[in-house]
Every structure is written in structure tokens, then in C-alpha cells.
Amino acid sequence: MKFFIERFHFLFKSTKGLVLVAIAMISLVTAIWGTLSGPLAEWGIKDVTVRLLGMKLTPVQREGRIIMLYHAIAMAVMAIEVYFITSIVQMKKHRQSIINATVTVGYLCAMIFGLGFAYFGYNWTFHGLFLFGLSLIFFSGILLAEALWPWRKEYRVSNLEYAHTKKGVDLERVAFFALTLSALGSAMFGAVAGSYWGQGHQTFLAENLIRIPYKTPFELAVIGHLHIMLTLIAVAITLVVGRWFDFKGVFHKIAMPLMIIGIIIITIGVWIIVPYRPIAHTIIYVGSVFIMLAALMLVIYGWKKLIHDRLTEQGIAKAGLWRSVKALLHDPIKFGPLWQMVFMNFTVSGVGIFMAAKLDEIFRVWPLREERIVLTGHWHVLAGIIATIILMYYADIVGLKGKIRKWFGWILIIGSDIAFASATLFSLKRLFVKQYFQEPFTKWSMLFLEIGLAAVLIILAMLLLWRLFDLFKKEGVWKKELISPKLEASKTTVLPGVSEEGKQ
Amino acid sequence: MRKRMFFILVILLMLMLNQSCEQSNFPLHLEIPYIETGVDYNEWALIPAGEFYSGQQNNLGKIDYDYEIMITDVTNEQYAKYLNEALKKGTVKIENNKVIGYYPGERFDGHKHEQQIKAGYWIYVPLDEPGVRLKFNGEGFTVDKGFENHPVTMITWFGANAYCEFYGWDLPSEMEWEKAARGTDTRTYPWGDEINEHLANYNRSNKLIRKLFGLDSGITTPVGFFNGRKYKGFQTKNAQSPYGLYDMAGNVWQWTRDDYPDMSDRFMRGGSWANYDYNLRIWARNSSRPDYYAINVGFRCVRKASQKNEVN
């Protein structure tokens, strides 16, 4: 019994264990559901999965199923981010426990019953439990917002290197707080539209409506909802990475106000999309610029820090370009997240801006189905980039060292970037090759996409298998993580008088 | 080790570029074996007036007139015949290796992303593009050998509309198309709710069809191919719609006629050989500007129930 209790405590009560469970759940879902589309479906693996698991895939419910799948995965990702936030942002221990417990039950309910409903026979009790799960996640968000309240005296910064107001209010905390509030409101934005399901609102995938000039308020609300939720997930991981790198100094002081303003502007832009659609887009673009500039500050700071730390470790006071680059690339696990943010500009933001600029000239000349591929491609890539950043942070948390750390890091970076670049090229193929000749291009880009993804999934599977076998060891890594559950990346400076409890 | 991996990666990239750029070796015109399906592509099916279920959500729709629709897509042979007749009558002409014809233009609402369709000459079909199965020999049009009974492709909406109008017919509206494909129940595909490679020409059946024609890439099948016959070992199932139409799912997307306000795109239905199964669901739509042409886009016509079949 003790065997199970100890492991249960690790998996469901420690931050590191909770993150591990959520990553494992997402991996499991990705591994199974990934066989239902793309090349794996073509190779007949879909049929095997469907038959083995007893899935019921009626063609008419496809869109609904996909929406449930997106929610199932997104909720687990949000839970991971909540675990990170409750661990690295100062708050009372009991608040952290309640928030983590609520979000955990919430995402597990949403994931298990949501997928159970959508893929295994439309049991409406499962649908109810899916909604219950979403409600719990929403409630955990309210608790998180309360816990993050930035104007509490005990959370004022004492180290003036961190962005703060004149009164010492921690601007990074304000950013986390604004992010949480925006996520809560934006979740409601989708939930209100969803609550009219069958009463004027019908299931749809946003990408199918791109060329329809008039959309219903419900459709606009759902489109706004899905865009901002993914944006906020990206913002959250950027802030978390900032804490991981102990982001501070002048760049931090520039970045945090930009981040806060960006979150507020984007939120306003999305929330007004129903009545003021034409101007909403412009507002969203403006907000995005603020957030991207904030991320740029983090990248500059982070890369400078990586170079500096490595050179100091080597005892080198001054270094040329080559040595500096070598120092930057020394630790792929730490170089990776910031690189992925830069890489995102080529595969997500760059594509988005190019599309916006050349929409009528190029993309509206293509048929709808091609434009749709570019759109779905670029947000799948964004979601994938966020996932790789989370994995790199997790690899750091679990303390991968030496060659394993390097191999894991570089395979994750190179594998995912090959996959994302291939997906981007595939989606833009008509820029380079005529439709009649596109088959070899499609074949090769898909091959590279699969190779890249396979590399990422194999190392992820290895990591998870290691953690799984470790759970059977008496004194495994899990034991150490249970004893020392704190994430390394938390601000070291706490006002005198604030207890360790307040920090964790 | 690192160097070796880098080397392998570079080789793979070069291979990809090389393969992708091999288009210059590709022949402009192909010859393939002719496959007789036994389906008469000059036939029409009567669709009676009445209610039917429309769209994914099964909304009740109604068409209060009888109409007829071609049981197959318009073939290369039919389109070549039309071009020859139209050339004689002077309703089409050839300029810069393109067949063009006059279109009277349409209302422009000035909406964002809307393309203005002015009165004038618009492209029907390009003649120098890969994938076109029609050849112009200076006097008239012929069809690449083996493609006679394949659906005509690389036709713009203008070209499709002109064909139907030439004979006094019309392109189907989206509703007419949907009712003809679905009948009066709520099925997903014209033949029922299941799909596999024996029922339609789509992404999944590509391998079998390539083998049949001895080609490296996906291709159209002759109209009415999926009728239960066996072709060189490839057993098909009868995939007719409730009204006896063929190829209402897969093979080629089909242009429809509706001109909606505030947009210039025309919609296409049915999915094609290049698409996954979900694009073949009866309610799935694709759209493009009316001057768009592609190797997987064709059309069929409708006419009033009282009209005589003048093409026979």
C-alpha cells in the first residue's frame, strides 16, 4: 500500500509529478489520436486503432470530435502551465495545493470524458462530465487569479532588478495576473457561444468559414476564443521561460510593461470582435506587436545570459563571435526554448504576416482548401512549438545531464524544426511548384515532417519510459523529486519576513 | 557523428529539392489505357421537386421544381466537342494559348476580398498548362488518348458555365447539387455512410488507380468508374447516388452556379481524387475565384425537366 501512496503523492501532489502525469496523458492521446489522420491513416493504422479501441467515428460528427480533441489536449497544456505558475510565482502553499488539485481533476475529467464522449459512442453523461471538468478548470483559474493578486504587500519586489512600479508592485506578477484574467474572460467568450449549441449555434471549424463574408456572433465569438486561448498559452509559457532564466534587469523592465499592455490590448481586440469586427483585427495586431517585442527582450537577455554563464564557467573573460556562438549552443535545453521563439517567426508569425500582406494577391487566388491548409498548418506549428518549449523546461526540471541532455535537446530542436519547416513548406507548396507537379514535393515534405515528428516522439517516449520504470524503483528520481518538489526557476529574492511557505 | 548526421541531412534535402524540381521532365500530354465503364455519359437523371435534408446539420430544404442533372461529370470528349462547335460559332477564341470567351460581368459589391468580375473575355481553359487533356491542332480540339471518358479538368467556372449555357442548360446551384447527391435521407456520401477505396476516387484509392493506369501520380478515373465492375483486378462497388448519379463524391470537385452577394468565389462540391475522405462528404465545400482552374476540378450541368437532351 505504501508503494502506491508514495507514488500517488509524487504524481498528484508534487509539481514535478503533476507535470509528468499531464505530459504522459498528452503523449498518450497524441500517440493514439495521431494515427487517425495523415499518413498513418493512409497506411491503414487508423483502421487498426479504431478496431482495437472500439472507436465510433461517424463522418457527420468529425468536426465535433476534433473540437473535443483540441479541448482535451489544450486543457492538459493549460494545467501544466498552471503547475508551473503556482510553483514559480510566489504564493501560499495552501493556495498552490487547492489550485493544482482543482485544475488536475478538471483536466483529467475534460480529457477522459471529452474523448470518451466524442470517440466512443456519444454517451451524454460523459459530455456532462466533460463540461464539469471544464468548469473546474475555470474555477481553478479564478483561484489562481486570486492567488496572484499583485497588490499584496508581501509580494512586492525587494530586488530592484526586476520590473516594478514605484510602489514596488512586481510587474511580472501583474503580467501573470493579467494573463489569468484574460484567459478567464476569453474562456467565457467561448463558453457563452458554446452554451447556445443547438439553439442557433452549430458545430463548425473556424477554418471552414474563412471566406464567408458574414459570420454569426456565435461564430465570431468562437473564432475569437480559439485564437486568444492559443495566444495566451504562448504568452504563459513565455513568462514561465522568463522566470526559468531569471529574467531581470533592463530588458525585464522593458518587457514586462510591454507584455502587460500587449495582453490587455489583444484581449480588448478579441472581446470586441463581435460588434466591431473590422477594427478588432487592427487592435489584435497592435497587441501582438507589444507581446512579440516583450518576447524579443527575453530572447536577447536569455542568449546574453547563456553566453555569459558558459564563458564564465570556462573562465573566459572575452570571447570572439565563434566562441560566443559555441557558448550559446552549449546547452540545447536552455538554448532551445528561446530559439524556438525565434524560429516561430519563420513558421508562424512570418507566414501570418505574409498571408495578411498577400491575401488577395496570392492566397485568395488559391482554392479555399489550400488557404485552409496554410491556416491550420501555422497554428498547429505554434501549438507544437509551445509543446517543445514545455518539454525542454521539463527536461531541465528532471535534471537531464551530460550527453543525454545534449542528445535530448538537439533531437528535440532539430527534429521539431525539421517537422515544422516541412509543414510550413508543405502548406505553402503552391508558391514553389505548380499543382500538377506538386506530388514529389508533397511526398518529400511529408516525409521530412514525419521524420522530424518521429524523432521527437521517440525521444519523448524514451523520456517517459525512463520515468515510468523509475517509478518502480525504491529510491528513484521520483523520490528525490518528492522530497524536493520545488522548481529551480523561482525568484530568489523575497521580502524579509515572507516565509518559505509564502515562496512555495 | 555530428558531421555524419549533418551530411545525411544535406543529402536528404538535396534529394527533396531534386525530386521537387523534376517538373521539367514531365510530359505536357499523357497517354493512358482507355477504360470502358459501360456508363453512358450523355444520360440525365430526373430529380423530382420536394423536400430534402441539406448540410451537415440536416436542415430541411426544399426545391419546388423538377429538374434533370447529368449522371456523370462532363467528359474531355464532350468538352472538346463543345469547343469545336463554339469555335465554329465564334463564341470562343484562342489567345495566348488560352481558350477565352465573353462573360457579361456581374454585380460588384465592393466587399473586402471581393474580385470584380467585369464584362469581357475570361479564360475557359489554358492550353499550355500541364494537366490539360485537350489539344488544339490549329483547326480543332482533340483529347489525349485514354482520357476521352475522364472528367474534363483545368476548366474555369467561366468555361464550365459557358459549356452549360451553350446548350441552354445551367450549372447546378449548391442546393440542386446536394439534393441530387443525397436524395431525401441524411446519408453522408451519395451511396451511404461508409467510404473506402472501392467506392470513390480519393486520396485513399490513389495507389490502386495509379497501378491501374501505370502512373506515378494521382489521376482522375473515367466517369462512372465506380459502378460495381472489375477493371484489371480492381473491384469497384456501385457508388451511385439515390437518383443514379456517378462521381458525386471524389474524382473531381464540381463547380456550382451560385453567385453570393459580397463575394466573388464560386463554390465546388464533391471532393476529388486529391482529397481526404472528409472532403467527399455531401456537405463539404470548396471555393475559388471563377477564373481558377485545376487538375482536380470539373463540373456537370442541370436543365429543366422539360428540356430535350440536345447533346445526344
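Reply: The term pLDDT denotes the predictor's confidence in each residue, on a scale from 0 to 100. It is needed here because this is a predicted model.

Me: What pLDDT does chain B average?
Reply: In chain B, 89% of the residues score at least 70. For the complex, the predictor gives an ipTM of 0.89 and a pTM of 0.91. The average pLDDT of chain B is 91.

Me: In what order do the three strands of the open sheet in chain B lie?
Reply: Strand E1 (44-47) and strand E16 (302-304) of chain B are the edge strands, each pairing on one side only. E1(B) pairs with strand E4 (residues 67-70) of chain B in the antiparallel sense, over four bridges. The order is therefore E1-E4-E16.

Me: Which residue in E4(B) stands opposite B:Ala45?
Reply: E1(B) spans 44-47, and its partner E4(B) covers residues 67-70. Opposite B:Ala45 stands B:Ile69.

Me: Which helix packs on this sheet?
Reply: Neighbouring strands of the sheet are turned by 30 degrees against each other on average, direction ignored. The packing helix touches E1, E4 and E16 of chain B, and its direction makes about 75 degrees with that of E4(B). This helix is H4 (residues 174-182) of chain B.

Me: How many nonpolar residues does the contact of H5(A) with H6(A) have?
Reply: H5(A) passes H6(A) in a left-handed crossing. By class, their contact has seven polar residues and one charged residue, and the number of nonpolar residues is 17.

Me: Which helix gives the largest share of the side of chain A that touches chain B?
Reply: Between the chains, 24 residues of chain A are in contact with 30 residues of chain B. The elements giving two or more residues to the side of chain A are helix H14 (359-363), helix H15 (368-397) and helix H18 (438-470) of chain A. The largest share, five residues, comes from H18(A).

Me: How many charged residues does the side of chain A that touches chain B have?
Reply: This side of chain A has 14 nonpolar and two polar residues. Its charged residues number eight.

Methods. Residues numbered from 1 in each chain as written. Chains lettered and ligands numbered in written order. Predicted model: local features only at pLDDT ≥ 70, side-chain atom pairs only at ≥ 80, totals over all residues. Pairing = 2+ DSSP bridges. Axes fitted to C-alpha atoms, helices over the stretch in contact; angles between N-to-C directions. Contact = placed C-beta atoms within 7 Å. Left-handed = near helix turned anticlockwise from the far one by under 90°. Nonpolar A, V, L, I, M, F, W, Y, C, P; charged D, E, K, R; others polar.
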